[in-house]
Amino acid sequence: MTDELKRKLITLAEKYETEDFIIGDPSYFMHQVEGAENQEVMAFIASVLSYGSRKQFMPKIQSILDESDGDIYRWTKSGCFSSFFVKDDKTCFYRLYTKGQMYDFMTAYQKILVGYGTLGEYLEYKKAGDGFAAVKSICEYFSGEGISVIIPKDVQSACKRVCMFLRWMVRSGSPVDLGLWSQFIDRRSLIMPMDTHVLHQAVNLGLLSTKTASMSAARALTSSLAEVFPEDPLRGDFALFGLGVNSKSGSR
């Protein structure tokens, strides 16, 4: 990697990792609730719905926040979601997800909250103390609950939305990310949230040669970004976002 590219990525990260980044981003929702428990639950639910068009999924996330009246931890843990998402309801909620599938997902998540308090405490119990172990534990749990549409069944894919959620939870000292789990997961172990847009940017910059978004590609890109941001590789997520905005292809 050239020094010029390193300087460019650092400049872009500084430009885009600001409070303004939150506007129109799914991370917006976790900043609209109070308390760590509410923030964690809101972030996780927002992350699983964050694919496709923002104009379509942002209102869906907002509808859940509105239904919970801002107390989304209690709403989920108590099972109040069952009046919004009904078991076996075949009605579409968002794209591939039916309301019945969302009910199944919320029920599986509820079990963690009842049994462990929070998803973070569950991961601590599972000794998932690094980024990859945390992704794997989340995928394994929901796969075991029969939830393979909303959460990836394994870590063969890039698991972009799970990795994005972990960025939100682990990175501290950020105007965007919350850092709620920074005490037990090192941010240097996080994995880059990779979708096709990030992949294309990475290939165009010469940071990757593969054209397939996979976990191995996401980890390889993370290693490349660690050359620029050794203490915080996922700061590069903001830099690549900035590159996409500058090239008028900044959809995430």
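## Contacts and overall build

Two residues are in contact here when they have heavy atoms within 4.5 Å. In this predicted model, take the contacts between residues at least 6 apart in sequence: 66% of those join residues at least 24 apart.

As for what the chain is made of, you'll find eleven helices and two strands. Starting at the N terminus, the order is α-α-α-α-β-β-α-α-α-α-α-α-α. The radius of gyration is 18 Å, close to the 18 Å that the globule rule gives for 252 residues, so the chain is as compact as a globular protein of that length. Along the principal axes, the C-alpha atoms fill a box of roughly 55 × 35 × 35 Å.

Of the 252 residues, 52% count as buried. The chain exposes about 11,200 Å², and carbon and sulfur atoms supply 48% of that area.

On the charge side, there are 29 positive and 30 negative charges, and their mean positions sit 6 Å apart.

## Salt bridges across the sequence

Side chains of opposite charge can pair when their charged atoms come close. With a cut-off of 4 Å between a side-chain nitrogen of Lys or Arg and a carboxyl oxygen of Asp or Glu, the count comes to 13 salt bridges.

One of them pairs Asp25 with Arg54, with the closest N and O atoms 3.1 Å apart. Asp25 lies in the loop between helix H1 (3–16) and helix H2 (36–48), while Arg54 belongs to helix H3 (residues 54–68), so this pair ties together parts that are 29 residues apart in sequence. Asp25 is buried at 6% relative accessible area, whereas Arg54 is partly exposed at 24%.

Another pair is Arg188 and Glu231, whose side chains meet at 3.5 Å, N to O. Arg188 is in the loop between H8 and H9 and Glu231 in the loop between helix H10 (215–226) and helix H11 (236–246), so the bridge ties together parts that are 43 residues apart in sequence. Both ends are partly exposed: Arg188 comes in at 45% relative accessibility and Glu231 at 48%.

Arg167 is part of helix H8 (residues 160–170) and Asp177 sits in the loop between H8 and helix H9 (196–204), so the parts tied together are ten residues apart in sequence. Arg167 is buried at 3% relative accessibility, and Asp177 is buried with 3% too.

Conventions:
Residues are numbered from 1 along each chain as its sequence is written. This is a predicted model: local features need pLDDT of at least 70, side-chain atom pairs count only at pLDDT 80 or more; totals for chains, interfaces and linings use all residues. Side-chain values use heavy atoms; hydrogens and water are left out. Helices (H or I, at least four residues) and strands (E, at least two) are DSSP runs, numbered from the N terminus. The radius of gyration is taken over C-alpha atoms; the globule rule is 2.2 Å times the number of residues to the power 0.38. Buried means under 20% relative accessible area, exposed over 50%, partly exposed in between (1.4 Å probe, protein chains only). Accessible areas come from the Shrake-Rupley method with a 1.4 Å probe; for residues, only the protein chains shown count as cover. Lys and Arg count as positive and Asp and Glu as negative; His and the chain ends are not counted. The place of a charge is taken as NZ of Lys, CZ of Arg, CG of Asp or CD of Glu.
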